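Visitor: I would like to go through this structure with you. Could you put it on the screen?

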Amino acid sequence: MQVKRQGIDAFLKAPPAAIEIVLLYGPDAGLVRERSKRLEAAVMGEKGDPFRLAEIPESSLKDDPGALYAEAAAISMLGGQKFIRIRINTDTAGTALEAYIGAREGGAARPDALAVIEAG
């Protein structure tokens with residue numbers, strides 16, 4: 001699903017429940033970060049919950065492409081949808097996304113998580 005410019009505000013306020021991964025990219029890193037924060041607030045509320053927030057370093061994805069699915073599938077200590085942020089500068093996420101999709105196609109359960117990839 002590609003969100004057009006005129007639909008971005010509505011998407012950021014209430015991302016569809018069927019969405020598991022969002023790619024935010026563009027030359028304006030500040031705008032990418034702002035939109036990521038808006039999605040985080042939509043998933044976790046304004047106050048947030050540190051037990052539902054995870055940040056995966058790009059280097060972790062390079063070393064372990066399955067880290068994205070493993071983090072998404074891990075149940076939050078207090079329950080609720082998790083928010084996973086990944087900031088990338090290379091094409092490292094491709095292998096991790098392939099592993100994630102492969103796990104899902106292999107019958108793995110749909111994680112209660114929204115993964116957001118921030119890229120330039």
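Guide: In this protein, 79% of the contacts between residues at least 6 apart in sequence join residues at least 24 apart. Contact means heavy atoms within 4.5 Å. This is a predicted model, in which local features need pLDDT of at least 70 and side-chain atom pairs count only at pLDDT 80 or more, while totals for chains, interfaces and linings use all residues. Residues are numbered from 1 along each chain as its sequence is written, and side-chain values use heavy atoms, with hydrogens and water left out.

Visitor: How many helices and strands does the protein have?

Guide: The protein has five helices and four strands, in the sequence pattern α-β-α-β-α-α-β-α-β. Helices (H or I, at least four residues) and strands (E, at least two) are DSSP runs, numbered from the N terminus.

Visitor: In what order do the strands lie in the sheet?

Guide: The four strands form an open sheet with the order 1-4-3-2 and parallel pairing. Two strands pair if DSSP finds at least two bridges between them. The edges are strand 1 (21-25) and strand 2 (53-56), each of which pairs on one side only.

Visitor: How many bridges join strand 1 to strand 4?

Guide: Five bridges join strand 1 to strand 4 (residues 113-119), and the two run parallel. Tyr25 stands opposite Ala119 in strand 4.

Visitor: Which strands does helix 2 lie across?

Guide: Helix 2 (residues 29-44) lies across strand 1, strand 2, strand 3 (82-88) and strand 4, at about 165° to strand 3. Axes are lines fitted to C-alpha atoms, for helices over the stretch in contact, and angles run from 0 to 180 degrees between N-to-C directions.

Visitor: Take Glu40 in that helix: buried or exposed?

Guide: Glu40, which lies in helix 2, counts as buried because its relative accessibility is 13%. Buried means under 20% relative accessible area, exposed over 50%, and partly exposed in between (1.4 Å probe, protein chains only). Leaving out residues up to four places away in sequence, Glu40 touches Gly45, Leu53, Phe83 and Arg85.

Visitor: And what does Ile86 touch?

Guide: Ile86 is found in strand 3 and is buried, with a relative accessible area of 0%. Not counting residues up to four places away in sequence, Ile86 touches Ile56, Leu61, Leu68, Val116, Ile117 and Glu118. Leu61 is 25 residues from Ile86 along the chain, and their C-alpha atoms are separated by 9.1 Å.

Visitor: Lastly, what share of the residues counts as buried?

Guide: Of the 120 residues of the protein, 37% count as buried.
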